[in-house]
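Student: I am new to this structure and would like a close look at a single part of it. Please take me through that part slowly.

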Amino acid sequence: MKIGQGLGVISKRIGSSWIILEPNKKYVRKLNSTGSFIWNLVKKPLTLEQIASKVSSHFNVDIETAKKDVERFVSGYLKSKLL
């Protein structure tokens, strides 16, 4: 399964961070460095494995740690319909 940004989601890059406005909500989310890196990656659909590999390389962490972080991020953002 490929993961990509949700349709109708408004996001803006400010410096190295991303701000996301949730559709039909009255608040925004500011992503930390890992979340911002992942959000930038999923402009184009990628698999969880592709995202984890890039996170592992970029942040110099082992692949298992990267997979757990990516799965947690993706799971939460899928539930919120942002991905």
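Is Tyr-77 buried or exposed?

Tutor: Tyr-77 counts as buried, at 10% relative accessibility, where buried means under 20% relative accessible area, exposed means over 50%, and partly exposed lies in between, computed with a 1.4 Å probe on protein chains only. Before going further, please note that this is a predicted model, in which local features need pLDDT of at least 70 and side-chain atom pairs count only at pLDDT 80 or more, while totals for chains, interfaces and linings use all residues. Residues are numbered from 1 along each chain as its sequence is written, and side-chain values use heavy atoms, with hydrogens and water left out.

The ring of Tyr-77 pairs with that of Phe-73, and because the centres are 4.3 Å apart and the planes stand at 15°, this pair is stacked. Rings of Phe, Tyr and Trp (for Trp, its six-membered ring) pair if their centres lie within 6.5 Å, and planes under 30 degrees apart count as stacked, over 60 as edge-to-face and the rest as tilted. Phe-73 and Tyr-77 are four residues apart in helix α3, which separates them by about one helical turn; here a helix is a DSSP run of H or I with at least four residues, numbered from the N terminus. Phe-73 is buried too, with a relative accessible area of 10%.

A search of the whole structure finds three aromatic pairs. Among them is the pair of Trp-39 and Tyr-77, whose ring centres are 6.3 Å apart and whose planes are at 55°, so that this pair is tilted. Since Trp-39 lies in helix α1 (residues 33–41) and Tyr-77 in helix α3, the pair ties together parts that are 38 residues apart in sequence. Trp-39 is buried, with a relative accessible area of 0%, and ring pairs link Trp-39, Phe-73 and Tyr-77 into a cluster.

Tyr-77 also has a charge over its ring: Arg-29 lies over the face of Tyr-77, at 4.8 Å from the ring centre. Such a charge sits over a ring if NZ of Lys or CZ of Arg is within 6 Å of the ring centre and within 35 degrees of the ring normal.

Helix α3 also holds Arg-72 and Asp-69, which lie three residues apart, about one turn of the helix. Their side chains meet in a salt bridge at 3.3 Å, N to O, a term for a side-chain nitrogen of Lys or Arg within 4 Å of a carboxyl oxygen of Asp or Glu. Arg-72 is exposed, with a relative accessible area of 58%, whereas Asp-69 is partly exposed at 27%.

Notes: Helices (H or I, at least four residues) and strands (E, at least two) are DSSP runs, numbered from the N terminus.
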